[in-house]
Amino acid sequence: LLSSIAPETLFLMIVSKPGFERSPEELEVVYEELTFIKALSHLSTMVKRQLANFVKVEQYVHAGSVVFRQREIGVYWYIVLKGAVEVNVNGKVVCILREGDDFGKLALVNDLPRAATIVTYEDDSIFLVVDKHHFNQILHQVEANTVRLKDYGEDVLVLEKVDIPRGAALENSNSCNFNCGYSVMAGKAEKILEYVLETRIDALSDDISEIDLFVEDFILTHDAFMPANTVCNFLKSYYFRTPYRATRDSISDSCTEEVRCKRRVVQFVYVWCSMLKINFFLNPVTNSFVEELFCHVIDDRKRLGGMEEIMTRIGAIRTSRENMQLVLARHPAIVLDCGVLSARTPCPILPSDVCNQIIYLADTTCFVLPIRVDKTAEEICELSRRRMSFLAEPLKLVEVKSNGEKLIFSPTDRAIPTVLSLNSKLYVVNREEIPMLVPMEDQNGPTPTTHSSILHLIDSQELAHQLFLFHLQLLRATDSNELLYQVIGRESFPQSMPFNLDLLVRRFNEVQHWSTTEILLATEDNRVEILKKFIHIATIAREYRDLLTVFAITLGLSHTSVSRLTLTWNVSLKGFQVSRIPIFQYFKILEHKNIFKTLDV
Ligand code: CMP
């Protein structure tokens, strides 16, 4: 009997019956048909066989029938078998889905209301449906599960199911009630932000240490794909979003929805400024957005109920803004004085801080120019030209390193004094003068005749302690965001400059070069003493947990020019007595070549 009926008709007949009434042969027919469906092509055979037990069919005779509405609770996942549907978001048709496409996964997996209204686009539309319970049960076994949201035929958001909870907030899902099953893999910037607002913000608690990893990623990296002013504009339009009123909605529902949108924006801004701290208020765009938002909240409070919580939140944002303004208003400090890192480096370094930068001209004469750390190469050239009126434009800013390498800064490069290599010089020259620039004599470092070390006069304990205090200050000033700007690329974050990180790196290089130079320039008589002194300083630094000093000295002493001083190493090894110098517990010297590779930190 089965073989005499057309396969499609037979399939529809079987899936119209409840699952428990389907015979093994019928299940085989359903399975066979499922293998032809595009939306299921990524599912394994086992999953499709299981699905054969549960798929049902839903038919709509007329075009224009509502399958479900935006913001309803999701009950089924749909696959278009025949016909087509319109996806309608906030009253606008964003795409048409046709045979083989699927929809309705999002609400089921995220446990959120429907993100769109679905209306049949053709007469005689037929869908295969899987209920939420079986969908979740079966989906659990699916290896890769991707959702593509479309707008006007184009993918705008690609989501992938994450099986393992991500982030601290998700791990504590009991306390935060997080239930987000999808994470964003790709998408249009604004769609990603909308997704963040609609799926991640409502459940956020006051404690920003529990921020969802995805929100955190967005806030830290948006500069690379969505500038702050675009984020603020989107937030503003979202704040004023007129709620889409589906026919079944009451007026009070849509008011609640309106307040919810406003709450999401304010909550997002709260998380944003709590994470970026001073960097948030340093950016004029985000800084002024807080005030703008505050005015809107004040206005809305007169008009709408349920705004108290939002009011409290925006008040907290403004308080942290006032606190940050106090830091920002502090007097500019000199952070680099003629290339030397100032011992009173403030915490943190601000764009308004100053470097007394030595600028060289092509004839090797020089002058000191006080410049703010955030000045661009172009601005430094202009300041130099104003100071030295004989300089003719167009001017270039060039770094000449001790190895002869020349780096020509582009006009928009910033944070130049803090990125300069330790032993380099900064020139302001014309283009044709660049080939003539060569390193100067003093860039080779001090010579034994010009260098007189006073290291032996300073107590190692005191020295290590002072190093520790200074490094701690630099480290505290360096926000983790700066590491991100450095890793992803400074050019992607034009508003945020990792000055503090630059100075930390610079400090590391200083300590490293200092240890190498002191040993190389020491006289034969006291070289061993100096070497021991550095090992001693590194040992004390290790007790302070000042890893910057430990690693910088380790690298400094591993420099080939130091490690090839075999005689020194031999003598220094003989001079050490294990019982009196505990550093031997850490520096397990097997042979002098890899002496520091065994450092156990
Ligand atoms: P869900 O939110 O469960 O219900 C509406 C469905 O429409 C949604 O899942 C997606 O599967 C589908 N959809 C396709 N494109 C979009 C879009 N641009 N915005 C929202 N939903 C979309």
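Trainee: How far apart are the axes of α17 and α20, and at what angle do they cross?

Mentor: The axes of α17 and helix α20 (residues 527–543) come within 9 Å and cross at roughly 50°. The axes are lines fitted to C-alpha atoms, for helices over the stretch in contact, with angles from 0 to 180 degrees between N-to-C directions.

Trainee: Why is α17 called oblique to α20?

Mentor: Under 35 degrees would be roughly parallel, over 145 roughly antiparallel, and 65 to 115 roughly perpendicular; the rest is oblique. The crossing is roughly 50°, so α17 is oblique to α20.

Trainee: Which residues make the contact?

Mentor: From α17: Ser-460, Gln-461, Leu-463, Ala-464 and Leu-467. From α20: Lys-533, His-536, Ile-537, Ile-540 and Ala-541. Contact means heavy atoms within 4.5 Å. The residues divide into 6 nonpolar, 3 polar and 1 charged.

Trainee: What kind of model is this?

Mentor: Residues are numbered from 1 along each chain as its sequence is written, and the model is predicted: local features need pLDDT of at least 70, side-chain atom pairs count only at pLDDT 80 or more, and totals for chains, interfaces and linings use all residues. Side-chain values use heavy atoms, leaving out hydrogens and water.

Trainee: How do you know that Lys-191 and Glu-194 form a salt bridge?

Mentor: A salt bridge needs a side-chain nitrogen of Lys or Arg within 4 Å of a carboxyl oxygen of Asp or Glu. Lys-191 and Glu-194 come to 3.1 Å, N to O, so the pair qualifies. Both lie in helix α8 (residues 189–199), 3 residues apart, about one turn of the helix. The search of the whole structure finds 30 salt bridges.

Trainee: Why are Lys-191 and Glu-194 called buried?

Mentor: Buried means under 20% relative accessible area, exposed over 50%, and partly exposed in between, with a 1.4 Å probe and protein chains only. Lys-191 has 17% and Glu-194 has 12%, so both are buried.

Trainee: What makes Glu-382 and Arg-385 partly exposed?

Mentor: Their values: 25% for Glu-382 and 23% for Arg-385. Both fall in the in-between class, so both count as partly exposed. They also form a salt bridge, with the closest N and O atoms 2.9 Å apart. Both sit in helix α15 (residues 377–387), 3 residues apart.

Trainee: Which residues do shared partners join into one network?

Mentor: Lys-191, Glu-194, Glu-198 and Arg-241.

Trainee: What makes Gln-357 buried?

Mentor: Gln-357 has a relative accessible area of 9%, which puts this residue in the buried class. Gln-357 is found in strand β14 (residues 354–360). Leaving out residues up to four places away in sequence, Gln-357 touches Phe-367, Val-368, Leu-369, Ile-371, Pro-417, Leu-420 and Leu-426.

Definitions and conventions
Helix = DSSP H or I, 4+ residues; strand = E, 2+ residues; numbered from the N terminus. Nonpolar A, V, L, I, M, F, W, Y, C, P; charged D, E, K, R; others polar.
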